[in-house]
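This report describes selected features of one protein model. Please keep the sequence and the three-dimensional view at hand while reading.

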Amino acid sequence: MSATRSFDVVVVGGGSAGCVVARRLVDAGRTVAIVEAGPAGTDAAIRHPERCFELPLGRYDWCDVTAPQPHLGGRAVEFARGKVLGGSSSINNMIYARGSRVDFDGWKAEGNPGWGYEDLLPLFRRLEDYDGDVSEARGVGGPITVTSRYERHPVMADLIDACGRAGVAHNPDYNAGSLEGASFMQFNIRDRRRLSAADAFLGAVLDEPKLTVLTECTARRLLFEAGRCVGVEVSRGANIERLNAETEVVLCAGAFGSPALLLRSGVGPANDLRALGIELEAGLPGVGANLHDHVLVPLSAHAARPFPPPASGAPGYQVTGFLRSRDDLVQPDIQFQAVHLPLPSGDDGLTVLVILVAPESRGRLRLAARDPSSPAIIDPNYLAVAQDTEALVAGLGRVRDVLREPPICEWLSERAVPETDDAGDLRAFVRQTAGSFWHAAGTCRMGTDEMSVVTPELKIHGVDGLRVADASIMPTVTASNTYAPSVAIGERAAELMLASS
């Protein structure tokens, strides 16, 4: 017989948004349980920024793999997703990027009041402790340290200069509302150590009696009574337990975990669930749909002379930029990120990730079986829309132009991969090398139409006592890294919950 415990709120997923929701509710006097499938995560590799590349696809990762992608020659794509307290914020590259005014105003224009840029700006400001210049756009004193002042690597400084020569202007703060231009990155690093969401939000309340953190604990299914979600069935090893939620359950398990749990619990497309023998609780055709992700291709250049090592506590990547693949776009659809890493050949060199951050292609997550231990089928349908390939080809061309300019060209040999400028060859290169930037979104889309899953208040349509708060609710993924907007989603969710209680 399973044990039962009761809390005011059960949060499924101890990642970027889940940590925020839990902290804000505990501060308000609620009893909260966090259900996290991974361990607490005290590994030194998590703490030390220079070791961040050791973490993806390792012991703190779900190690997801997509279905074979027909537009990538049938390749399956690896996808890193944090399986550890702090979620992906404990294994990512620590890049702090909010998104743009265009991103959030777009959400609002789709029928989501309260989600525009001016609505979210106060949340971003109170969340962050920014070390840069004071402005109306930035905040100080918040729980998230945002580090912009660190030792500039000489190769990265020269890359910024080359960007300007190639027509990519310097943007001193891509978190001030507009992404466009080349910038030194801002990081979630405090005192030369990674600052995960768990560090920022849970560290000070881990001993608080109102907070229960259940690590290495897997959510099996949601529990319903008369159309209301009343708890979560979880397993820890061989033990199955029922966690009752007196007020609400909040899903913060990410763009894969949240829709998968809904589907296993009978919330989703009716015909698909019945075909798997899952009893229907709420027929919502949009659960698992609208799956999209940032897609990257690598542009590598060999070093003409040895690169200096990065300073201690500073990552070996410091420059990012945002540009438009076409002049008619309202904002950049291409991001690039320069990484000092040994090339596959073992030679020293520079890899620039060219990333499509406004993909038009859409896929779906669906269940393979009703068994909670059976992985979901992840099908992002990468590059299904031809324009996505064309945008990446244009992005490769623009970044190659940057690498040909002084002073960065003086660090590099003439050998680069891909070596061609032919558009057809570049399209083939994109299809052969495209991978994920690990920023999946959209599978529990926020909105009011029949394919939306949650309301602008993040409540599941037609189900009481249940919300979603993570990147899955994004109608369209932000045109930059998704950690900071996921934290803001968690902050907004807690604000909405407290206002309604």
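## Terms and basis of the model

A polar contact is a pair of N or O atoms within 3.5 Å; within protein, one atom must be able to donate a hydrogen and the other to accept it, and residues adjacent in sequence count only if both atoms are side-chain atoms. The model is predicted, so local features need pLDDT of at least 70 and side-chain atom pairs count only at pLDDT 80 or more, while totals for chains, interfaces and linings use all residues. Residues are numbered from 1 along each chain as its sequence is written, and side-chain values use heavy atoms, with hydrogens and water left out.

## Two asparagines in loops

Asparagine 112 lies in the loop between H3 and helix H4 (117-127); helices (H or I, at least four residues) and strands (E, at least two) are DSSP runs, numbered from the N terminus. A polar atom of the asparagine 112 side chain is 3.0 Å from the backbone oxygen of tryptophan 107. Asparagine 112 is buried, at a relative accessible area of 0%. In this scheme buried means under 20% relative accessible area, exposed over 50%, and partly exposed in between (1.4 Å probe, protein chains only). Apart from neighbours within four places in sequence, asparagine 112 is in contact with Trp107, Met446, Gly447, Pro456 and Pro475, where contact means heavy atoms within 4.5 Å.

Asparagine 92 is placed in the loop between strand E4 (78-79) and helix H3 (101-109). Its side chain reaches the backbone nitrogen of methionine 94 at 2.9 Å. When neighbours within four places in sequence are left aside, asparagine 92 is in contact with Cys52, Arg194 and Tyr483. A separation of 17 Å lies between the C-alpha atoms of asparagine 92 and serine 148, which are 56 residues apart along the chain.

## Salt bridges

Side chains of opposite charge can pair when their charged atoms come close. A salt bridge is a side-chain nitrogen of Lys or Arg within 4 Å of a carboxyl oxygen of Asp or Glu, and by this rule the count comes to 27 salt bridges. One of them joins the side chains of glutamate 241 and arginine 5 (2.5 Å, N to O). Because glutamate 241 lies in strand E13 (residues 239-251) and arginine 5 in strand E1 (residues 3-12), this pair ties together parts that are 236 residues apart in sequence. Glutamate 241 is buried, with a relative accessible area of 11%, whereas arginine 5 is partly exposed at 32%.

Another salt bridge links arginine 59 and aspartate 43 (3.8 Å, N to O). Arginine 59 lies in the loop between helix H2 (44-47) and strand E3 (64-65), and aspartate 43 in the loop between strand E2 (32-35) and H2, so the pair connects parts 16 residues apart in sequence. Arginine 59 is exposed, at 64% relative accessible area, and aspartate 43 is partly exposed, at 23%. Arginine 400 also forms a salt bridge with aspartate 421, their closest N and O atoms being 3.0 Å apart. Arginine 400 belongs to helix H9 (residues 386-403) and aspartate 421 to the loop between strand E22 (412-417) and helix H10 (423-433), so parts 21 residues apart in sequence are tied together. Arginine 400 is buried, with a relative accessible area of 7%, but aspartate 421 is exposed, with 53%. Salt bridges that share partners join Arg24, Arg126, Glu491, Arg492 and Glu495 into one network.

## An enclosed helix

Helix H7 (residues 254-264) is largely enclosed by the rest of the structure, because eleven of its eleven residues are buried. Among them are Phe256, Leu261, Leu262, Leu263 and Arg264. Just after H7, glycine 266 takes a positive phi of about 95°.

## Empty space

Rolling a probe the size of a water molecule over the atoms shows where empty space is left. On a 1 Å grid over the protein atoms alone, a cavity is a set of points where a 1.4 Å probe fits but cannot get out, and a pocket is an open set with protein on both sides within 12 Å along at least five of seven lines; lining residues have an atom within 4 Å of a point. Grid points are joined across faces, edges and corners, and a volume is the space filled by probe spheres set on the points. The search of the whole structure finds one cavity of 30 Å³ or more. The largest cavity holds about 50 Å³ of space, and its lining includes His292, Asp293, Tyr382 and Asp388.

The second largest pocket holds about 390 Å³ of space. Of the 25 residues that line this pocket, Gln331, Asp333, Val357, Ala358 and Thr476 are the closest to its centre. H3 and H9 are the elements that give two or more residues to the lining, and H3 gives the most, with four.
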